[in-house]
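Hi,

Here is the structure I promised to pass on.

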Amino acid sequence: MIRVTTSLLNQLSDLVGQAFEKCDLDPSFGKVVVSQRRELGQFQCNGALGAAKKAKKNPREIAEKIVAELEKTGLFNELSLAGPGFINMRLNDEFLIKHIDQISGDASFGARDGHTPETVILDFGGPNVAKAMHVGHLRATIIGESLRRLRTFLGDSVVSDVHFGDWGLPMGMLIKEIELAKPDLPYFEEGNSGPFSEVSPVTVDELQLLYPAASGRSKEDPEFLEAARQATFKLQQGHAGYRALWQHMLDVSVNETKIDFDLLGAHFTEWKGEADTNDHMPGMLDRFKKEGLSEISDGAVVVHVAEEDDKKEMPPLILQKSDGAVMYGTTDLATIEIRQQDHKPDSILYVVDARQSLHFEQVFRAARKGKSITEHTKLEHVGFGTVNGKDGKPLKTRDGGVVRLRSLIEDAIAEARKVVLEAGLDDRFDAEELDNIAKKVGVAAIKYADLSNPRMSNYVFDIERFTKFEGRTGPYQMYAAVRIKSMLRKAAEQGLKQGPLVMTADAERNLILALSLLPEAALAAADKNAPNILCDHVYALTQEFNSFYHDCHVLGEKDEAVRSSRLTLCAITLRQIETVLQILGIDVPERM
RNA sequence: GGCCCCAUAGCUCAGCUGGAUAGAGCAACAGAUUUCUAAUCUGUAGGUCGCAGGUUCGAGUCCUGCUGGGGUCACCA
């Protein structure tokens, strides 16, 4: 007997595959998918066409044989043939109810059953010292956090590392800029090895002004840039004053980014950064040199990563610039080695802007070449597209500046509050609850809008559209869950009990079918690192629920068996909607 | 210039390894409520899938060329 806890589509595919096997055909032709034409069936299999092509036979004849085999199982209410050889099927209700009973008894709705647990490291967030997080960090954080939750849901052991940008040339630029502004600070005294003050000489607001100043100065003043380069090198070599100053800048910046990450509900098990590779660096550089993996090119130490059959140009990875300082490729490579030592991961996923794909390709190749990671470990750049304004170009403020993440979130919360107030139902909430609802709705609106796009696509940021309660929005999904919560509260007040499932209406069957597809969605989302698949799933689910809600009264239902069954169905649906939204990083309030 | 990605309804986008009549949402129009929260549901209308070839029984999907847009091409991150 087939296992009942695995995904419904896999079960059906196995079953139909067996039928193909009995006809001496490859079982892989038995792949079953949700029907494109629901009026003809719940599921379909198109394998007869492919099999016919391969076996040089008539597709309809093959399909007829398959149908005959499937009839014998007794699991189907209806099996039919259509067109050139499409097999349409409808399961009988007993089977569906049994299946939903089984998966609803499992916290993952049967999804874990189809997943082999592994140790996965997620590298996302990627804020930088002194720079306020901006719209570019939005997707990295939202997608990364969602993948973290998804993998945890599927039973993986997940390490999430924020990987602070804290070690490159910008550090030298900041040090020199601070020196210009406050030359008397002890950090700049020749030979001063500390100890230094425990109080930061700069506030976060100052830092955020210092950085653009330093950046601008570097472009105009070659001497300043050169000084910054030297400072970067000295910092990396352990200059005591610079290190102390750097630590202050890092601490101040970390505290600031935590506010943003908290707003977005992102969690990190590690707050590491590029700088944490410093102790590892000399050994790694030495090894690459000794093993003949690196060489000097134009004064820089590089690893050649081009391969014979490359179509595209593949520049070497620069480990050390000609001035001796390391670059972010070097720290990324060292980070891989450290992660290998610390965690022995099966996968390392980098949730970083798609524009950095060449960089990761170089780093991954260098890591393979230098055996920095075990062969079986998967290294993957999970890229994503840009967030655009209504003009189709990357989102900018009115005066062309960078949009800060904080203001983006605050605007969304303000917009959500406006929408709730406009609905005119706010008199039910006190100020505190309204705040809570606005925050949850605003953040959900942004997250759902972001995650529902395929990762690699760019999308247009339109907060008014995102906060609408109609259509494919975060709030629509939450609203369905809130409706159920309200209903279950009333049921509890009236002492109504849940009972075994019975099928009395199409809307119930459709809802159960939607519920049954979670494992498929979760596994595909994990496999492709594509949260949008889960967004599609929860949208289909909430739509089916809303139809059910419209067609089938629950609390007022006179027949106790039907009523208690529907209460059960509502409870399962709520749990699944909340589970999926939770994976997407969306919290559902009690009311809204 | 080389390489990579994209082009689908008025708008924002789906379309999984080629499979039936190309789908959603928004906007438009027509309906449904003495609400279990209508912030909902049902229906109608809307398409030469950028252009031109090719492979195939079958192409939005695969191949080639073209047009338009974006990204990227070693000492920034």
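A strand here is a DSSP run of E with at least two residues, and strands are numbered from the N terminus. Phe86 sits in one of these, strand β4, which covers residues 86–91. Bear in mind that this is a predicted model.

Is Phe86 buried, exposed or partly exposed? Its relative accessibility is 29%, so Phe86 counts as partly exposed, given that the class in between runs from the 20% limit for buried to the 50% limit for exposed. Setting aside residues up to four places away in sequence, Phe86 touches Gln44, Cys45, Asn46, Leu49, Ser80 and Leu81. Glu64 is 22 residues away from Phe86 along the chain, and their C-alpha atoms are 9.9 Å apart.

Lys447 lies in helix α14, residues 431–451. Lys447 is buried but makes no salt bridge; the nearest side chain of opposite charge belongs to Glu145, 6.5 Å away. Which residues does Lys447 contact, leaving aside neighbours within four places in sequence? They are Ile142, Leu264, Gly265, Leu584, Gly585 and Ile586.

Lastly, there's a sheet. Three strands make up this open sheet, ordered β7-β8-β9 with antiparallel pairing. β7 (294–297) and β9 (317–320) are the edge strands, each pairing on one side only. On average, neighbouring strands in this sheet are turned by 45° against each other, direction ignored. β7 and β8 (residues 300–303) run antiparallel and are joined by four bridges; Ile296 has Val301 in β8 as its bridge partner.

Cheers

Terms used:
Residues numbered from 1 in each chain as written. Chains lettered and ligands numbered in written order. Predicted model: local features only at pLDDT ≥ 70, side-chain atom pairs only at ≥ 80, totals over all residues. Heavy atoms only, no water. Buried < 20%, exposed > 50% of the residue type's maximum accessible area, 1.4 Å probe, protein only. Lys, Arg positive; Asp, Glu negative; His and termini not counted. Salt bridge = Lys/Arg side-chain N within 4 Å of Asp/Glu carboxyl O. Contact = heavy atoms within 4.5 Å. Pairing = 2+ DSSP bridges. Axes fitted to C-alpha atoms, helices over the stretch in contact; angles between N-to-C directions.
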